[in-house]
Amino acid sequence: MRDLFLSTVLHPTFLGLATRYPLADGRITRRHYLDSAASTLALSCARAVADELLHHYANTHSELHFSARIASHAYDWAHGQVLKFVQANPCRHAAFFAGSGCTAHLNRLARFLALRRPERGVVLVSLMEHHANDLPHRKHTGRVLHIPLTGAAPTLGAVDLAALERLLEQHVSQVNYIAISAASNVTGIVNPVHDIAELAHAHGAWVVVDASQYLAHAPLRLSDTGAPERELDAVVFSGHKLYAPGSPGVAVVRRTLLEGSDPDELGGGMVDDVSLSSYQITSRFPDREEAGTPNIIGAVQLGAALNVLQRIGMTRIHAAEQALLRRLLAELSAIPGVRIYGDPDPDRTPRLGVVSFNLVGLEHGLVAAVLNDYHNVAVRNGCFCAHPYVRELLKPELWALDIDPDAENAVALLKPWQGMVRASLGLYTTEDDIAALLAGIRDLLIRPDYYRPLYQPDAAGNFHHRAFRIPAEALFDAEAALDRLLAPSNLGDDTL
Ligand SMILES: Cc1ncc(COP(=O)(O)O)c(C=O)c1O
């Protein structure tokens with residue numbers, strides 16, 4: 001994708017594209033990073049903006065000295081970038097930062113919304129949710145029901161709108177909100193979140209959208225048409241999936257959802273006055289939702305990353321990724337022995353740059369290990385914190401395994417087969433990265449009997465090379481990096 005247009009548009013670069021590792025066959029090659037669904041690499045100019053701010057670093061919540069004024073202004077700017085990114089109206093919506101990803105916000109929203117309407121004790125979540133958008137609702141709500149998906153395993157599609165409507169009608173006046181991902185972290189399949197919002201609102205329910213896997217890949221507006229009934233009530237996402245590692249999680253929420261109730265967390269920076277017997281919470285957003293000292297540097301880094309993405313244009317980013325994704329899907333589908341999960345036809349079921357697959361007869365742990373050790377292709381394997389969805393997609397295969405589920409060792413026997421390999425794309429992914437993945441898969445399928453004896457599986461389903469072991473600290477050692485930086489020849493102007 002980088003080759004296609006980035007170099008001709010803005011020249012943004014990312015930290016870690018040239019990283020090289022030694023491989024099991026003795027070669028030293030460039031890493032092919034295909035794990036962007038977990039975390040994206042850092043956009044270097046956004047990191048540079050944050051580093052520049054560090055020269056002015058001070059806490060926010062003050063306008064008095066120069067540095068506090070600069071920090072407060074930059075932090076406000078970061079909020080503004082978030083609102084712009086999803087085309088929110090700053091008079092009607094508030095953006096706020098918390099935690100290190102969207103998990104913190106989903107927990108807060110689950111607690112808060114349960115208290116807001118205790119008489120509505122049902123929450124609907126889809127079958128494809130990441131645990132972060134399922135377990136918090138289970139913990140804080142009377143009852144969570146899972147909305148089924150269209151199609152059948154292994155090629156399930158998006159949320160089944162007819163089934164959703166039936167659930168809303170069966171539980172009339174009981175559904176507090178629907179929590180739904182804009183795109184799956186397992187298959188990249190996109191849910192029609194604005195149609196879901198319209199259905200939810202027609203039944204008096206709110207809609208909370210987990211856009212963590214969506215926003216780096218395609219444009220998302222709070223309301224696609226501008227109609228209020230299609231507007232999302234809350235959107236959450238993780239900055240580390242948007243080219244800003246170290247940044248906080250983000251929520252954009254309709255102000256009226258929050259007004260009139262106490263914020264979920266209390267502390268400094270969000271009160272107008274406190275006496276020994278009472279306190280008065282400020283009505284100002286986002287202050288009232290951000291108790292304590294915020295992650296100023298991380299938020300500004302994220303604001304800068306969002307700004308760059310907007311300069312490039314999310315429509316353009318989406319189009320370029322789709323071209324690469326279609327090539328990956330077509331080439332993978334053409335390899336005998338590759339099984340792709342989720343409807344693989346992007347015209348029928350839109351999806352973003354995430355593809356999960358298995359190689360027939362080969363454990364996902366073995367595939368991921370060989371891709372790493374012999375091809376320097378970084379993919380993720382397992383259930384990707386979406387156990388119910390992955391199990392549903394794998395159901396026909398798991399049934400065919402002929403393992404007695406009641407047998408004492410059933411869990412251990414099932415473990416190596418209960419998972420997938422996931423390749424995920426980012427703005428920096430190139431044809432070369434895709435080619436390396438495909439070459440690795442073809443190589444493994446041609447000579448599985450060569451590779452298998454080289455590995456030892458463990459009880460968790462991970463495969464370890466019997467001879468090739470490089471400890472992480474041999475590749476990166478924080479203390480050695482410090483030694484280097486503190487060497488007299490490297491000390492610059494900021495020397496103590
Ligand atoms: C769809 C989805 N939701 C939620 C999360 C949780 O994000 P975080 O760990 O950044 O809080 C993830 C992380 O992979 C995700 O992919």
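Colleague: Which residues form a negative surface patch?

Modeller: E473, D477, E479 and D483 form it. This is a predicted model, where local features need pLDDT of at least 70, side-chain atom pairs count only at pLDDT 80 or more, and totals for chains, interfaces and linings use all residues. Residues are numbered from 1 along each chain as its sequence is written, and side-chain values use heavy atoms, with hydrogens and water left out.

Colleague: What makes a patch?

Modeller: Patch residues have over 30% relative accessible area and no salt bridge, and like charges are joined within 9 Å. A salt bridge is a side-chain nitrogen of Lys or Arg within 4 Å of a carboxyl oxygen of Asp or Glu.

Colleague: Where is D477 found?

Modeller: In the loop between helix 16 (472-475) and helix 17 (478-486). Helices here are DSSP runs of H or I, at least four residues.

Colleague: And is D477 buried, partly exposed or exposed?

Modeller: Partly exposed, at 33% relative accessibility. Buried means under 20%, exposed over 50%, partly exposed in between, with a 1.4 Å probe and protein chains only.

Colleague: New topic. How many disulfides does a search of the whole structure find?

Modeller: 0. The cut-off is a pair of cysteine sulfur atoms within 2.5 Å.

Key:
Patches are made of residues with over 30% relative accessible area and no salt bridge: like charges are joined within 9 Å, nonpolar side chains (Val, Leu, Ile, Met, Phe, Trp, Tyr) within 5 Å. Accessible areas come from the Shrake-Rupley method with a 1.4 Å probe; for residues, only the protein chains shown count as cover. Lys and Arg count as positive and Asp and Glu as negative; His and the chain ends are not counted. The place of a charge is taken as NZ of Lys, CZ of Arg, CG of Asp or CD of Glu. Helices (H or I, at least four residues) and strands (E, at least two) are DSSP runs, numbered from the N terminus.
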